Amino acid sequence: MISIRGVSHSIGGGRILQDIDLELPRGGVTALIGPNGAGKSTLLSLVARLQKLKTGRIRVDDLEIGACPDATLARVLAIMPQSSVVSARLRVGEAVLMGRYPWHRGRPGRQDHEIVAQTLGLFSLTSLADRFLDEISGGQRQRTLVAMAHAQSTDYLLLDEPLNNLDIAASRHLMRLLREMADEGGKSVVIVLHDINYAAAFADRVVVMRSGRIVADGAPSTVISPALMTDVFATDARIHCVDGRPVVLV
């Protein structure tokens, strides 16, 4: 379980998060949604220790963020941040192998290479394994970054806008893959999404943020409503129900 208690965060005097209390149980897919600047990426980065926690407490299972060693946390939780800095002169296979670093510590063995090969296949990257990152498309690079996080072999997988640069086919494939990882692999997936329809279609739970606060939390069918679209997203988009899931019409 990821337990977040009393977390606030400011940058340069500006309040980004305010009194966040949230529990994310093991298993399933949780989508963080909300307008730009709501604090979604900041919350994810605090959980992953990419930014220093200033106020409140965060625990991942029995690990206290800010107290446990980075190397220990990296074997439990993986993150793909919104802005991932990876050398363009890395090959795709080499980049995915980097995801194994918490386990091989610079000396990859047979198991590491086997996991990388499986991951490349899972994300349809095998044919690109020897290509440099600056030789592939933006969508292929995005899949590589998600594959790096997956290769880390953690129970918790945090993804910040993984659908960026992906076309509709690649987006659907990735979301189905994440759904399968949660259902069959027992992974706990927390994902920041701007497309509410993907959140509604694939997430068990949506957490809605606005102005650094959580304003709604629950199953998509109970949270995504015309009132939410008006109050949080400032739009009068209509909502239809398809197969028990809400669909926002543009």
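The following legends describe close-up views of a predicted model.

**View 1. Helix H7 and its surroundings.** Helix H7 covers residues 168-185, which makes 18 residues. From its first C-alpha to its last it reaches 24 Å, close to the 26 Å expected at 1.5 Å a residue. Ser 171, Leu 174, Met 175, Leu 177, Leu 178, Arg 179, Met 181 and Ala 182 are the buried residues in H7. An α-helix has 3.6 residues a turn, so residues three or four places apart point the same way.

View 2. At the start of H7, the backbone nitrogen of Ala 169 has a side-chain oxygen of Asp 167 within 3.3 Å. Just after the helix comes Gly 186, with a positive phi of about 75 degrees.

**View 3. Leu 178 within the largest nonpolar core.** The largest nonpolar core of the model contains 55 residues. Leu 178 is among the residues with the most contacts inside this core, together with Ala 31, Phe 123, Leu 159, Met 175, Ile 191 and Leu 193. Setting aside neighbours within four places in sequence, Leu 178 is in contact with Val 29, Leu 157, Leu 159, Val 189 and Ile 191. Another core, of 30 residues, lies apart from the largest one and has Ile 4, Val 7, Leu 73 and Leu 158 among its members. In soluble globular proteins, nonpolar side chains tend to be buried together.

**View 4. Ser 188 in strand S8.** Ser 188 has its place in strand S8 and is buried, at a relative accessible area of 2%. Its side chain reaches the backbone nitrogen of Gly 27 at 2.6 Å. When residues up to four places away in sequence are not counted, Ser 188 touches Pro 25, Arg 26, Gly 27 and Gly 28, as well as Asp 155, Tyr 156 and Leu 157.

**View 5. Two arginines with positive phi.** Most residues other than glycine have a negative phi. Arg 49, however, has a positive phi near 70 degrees. This arginine is found in the loop between helix H1 (40-47) and strand S4 (55-60), and Arg 49 counts as partly exposed because its relative accessibility is 29%. Arg 105 likewise takes a positive phi, of about 50 degrees, although it is not a glycine. The loop between helix H4 (101-104) and H5 holds Arg 105, which counts as partly exposed at 46% relative accessibility.

View 6. S4 and S5 run antiparallel and are joined by 2 bridges. Val 60 stands opposite Leu 63 in S5.

View 7. Cys 68 counts as buried because its relative accessibility, 6%, falls under the 20% limit. Cys 241 is exposed, with a relative accessible area of 61%, which is over the 50% limit. The count of disulfides in the model is 0.

Definitions and conventions:
Residues numbered from 1 in each chain as written. Predicted model: local features only at pLDDT ≥ 70, side-chain atom pairs only at ≥ 80, totals over all residues. Heavy atoms only, no water. Disulfide = S-S within 2.5 Å. Buried < 20%, exposed > 50% of the residue type's maximum accessible area, 1.4 Å probe, protein only. Helix = DSSP H or I, 4+ residues; strand = E, 2+ residues; numbered from the N terminus. Expected span 1.5 Å × (residues − 1). Polar contact = N/O pair within 3.5 Å; in protein donor to acceptor, adjacent residues only side chain to side chain. Core = buried A, V, L, I, M, F, W, Y, C linked by side-chain atoms within 4.5 Å. Contact = heavy atoms within 4.5 Å. Pairing = 2+ DSSP bridges.
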